[in-house]
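The following note sets out some points on local packing and strand pairing. Please read it alongside the sequence and the structure.

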Amino acid sequence: MISLEKLVRPNIWSLAPYSSARDEYSGKEAHVFLDANENPYNTPYNRYPDPLQREVKSALKKVKGVPEEMIFLGNGSDEAIDLAYRVFCNPGRDNVVAIAPTYGMYQVCADINDVEYRTVLLDENFDFQADKLLAACDTNTKIIWICSPNNPTGNSLNRDEILKVIERFEGIVIVDEAYIDFAQQMSLRQELPNHPNLIILQTMSKAWGSAAIRLGMAFASKEIVNIYNKVKYPYNVNQLTQQQALEMLKDPFEIDKYVKILLAERTRLMQAFQELPICEQIYKTDANFFLAKMTDANAIYNYLVDKGIIVRNRNKIQLCQNCLRVTIGNRTENNELLAALRQY
């Protein structure tokens with residue numbers, strides 16, 4: 001790995017972060033707060049939230065097995081994605097490399113930050129080879145994006161190839177594990193101590209059933225997390241989100257029940273799709289969704305919309321021609337979808 005100082009944008013490395021009122025007395029006990037121009041009424045919503053979300057990180061440490069100083073929390077994973085560009089990529093000069101197809105926000109954030117976005121097409125099995133991904137890099141490549149299980153394909157990528165990329169690339173490798181709770185493959189979190197260039201993204205939006213609270217997690221070296229914290233906005237995770245996250249983290253085993261039910265429904269739904277005359281192929285998945293190749297994705301999508309049923313039309317995505325991406329709902333929702341498709 002190139003030294004972190006050389007990977008980080010010079011202006012970010014030397015940045016003096018905003019000092020919030022809640023940071024300046026950190027470590028001291030206080031009960032009278034006259035420092036942040038807050039309204040003294042309407043407790044507890046009148047006070048700014050903990051800018052470093054310490055209580056949530058303490059709870060996450062027990063669930064994820066990652067030290068608190070190696071956890072960054074953001075407004076969804078999208079904040080951590082955007083921060084990667086703002087921290088590591090010089091606009092108009094640097095580039096990033098990603099698999100294709102994959103999660104669209106990597107490219108959106110690249111475009112917003114004026115960073116060249118290079119793609120390497122997956123193979124016919126929706127997998128990749130480390131050599132091809134690395135061959136697309138040059139001296140100005142700062143980040144490699146890998147989503148596993150991948151969106152929209154649903155499959156876990158070859159773990160050995162991911163590790164090859166992490167070990168051989170001198171820049172930052174970001175592995176997005178938003179759907180890892182539904183996969184048999186283990187998270188790469190345990191690899192963090194061995195790879196200071198690795199950032200792992202996870203979220204409470206999927207298996208945790210908490211998309212509305214917008215809480216994303218980035219696990220990385222203490223040094224990278226410190227830089228993220230320096231660049232983020234002071235109170236990026238609001239108090240209501242922190243409270244709900246703590247409530248969910250009180251009983252992490254409840255999430256196992258969600259996952260078990262969804263996986264069973266996934267199997268049932270995929271088997272039913274295979275019997276549909278309008279379905280040509282079901283692709284292997286390790287997520288809470290699956291990709292299905294249909295006879296006419298556009299027409300079938302529009303037909304479902306007219307019935308008030310929304311799936312994702314991926315027909316225009318590379319390698320996904322005539323494909324619909326179907327999220328696993330509850331049994332009633334899944335039955336309504338199947339009933340509609342059987343009448344098509």
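1. C279 stands opposite M294 in strand 9. Strand 8 (residues 279-282) and strand 9 run antiparallel and are joined by three bridges; strands count as paired if DSSP finds at least two bridges between them. Six residues lie between the two strands of this hairpin.

2. The model is predicted: local features need pLDDT of at least 70, side-chain atom pairs count only at pLDDT 80 or more, and totals for chains, interfaces and linings use all residues. Residues are numbered from 1 along each chain as its sequence is written, and side-chain values use heavy atoms, with hydrogens and water left out.

3. Strand 9 also runs antiparallel to strand 11 (residues 323-327), to which five bridges join it. Here L291 stands opposite R325. Because five of the six residues of strand 9 (residues 289-294) are buried, this strand is largely enclosed by the rest of the structure. Buried means under 20% relative accessible area, and exposed over 50% (1.4 Å probe, protein chains only).

4. In helix 13 (residues 331-342), the buried residues are N334, L337, L338, A340 and L341. Seen down the helix axis, they fall within an arc of 160 degrees (taken from the directions from the axis to the C-beta atoms), so they line one face of the helix. They pack against helix 11 (253-274), helix 12 (297-306) and strand 11, where contact means heavy atoms within 4.5 Å. The face turned away from the buried side carries the exposed residues T332 and R342.

Methods. Helices (H or I, at least four residues) and strands (E, at least two) are DSSP runs, numbered from the N terminus. The expected span of a helix is 1.5 Å times one less than its number of residues.
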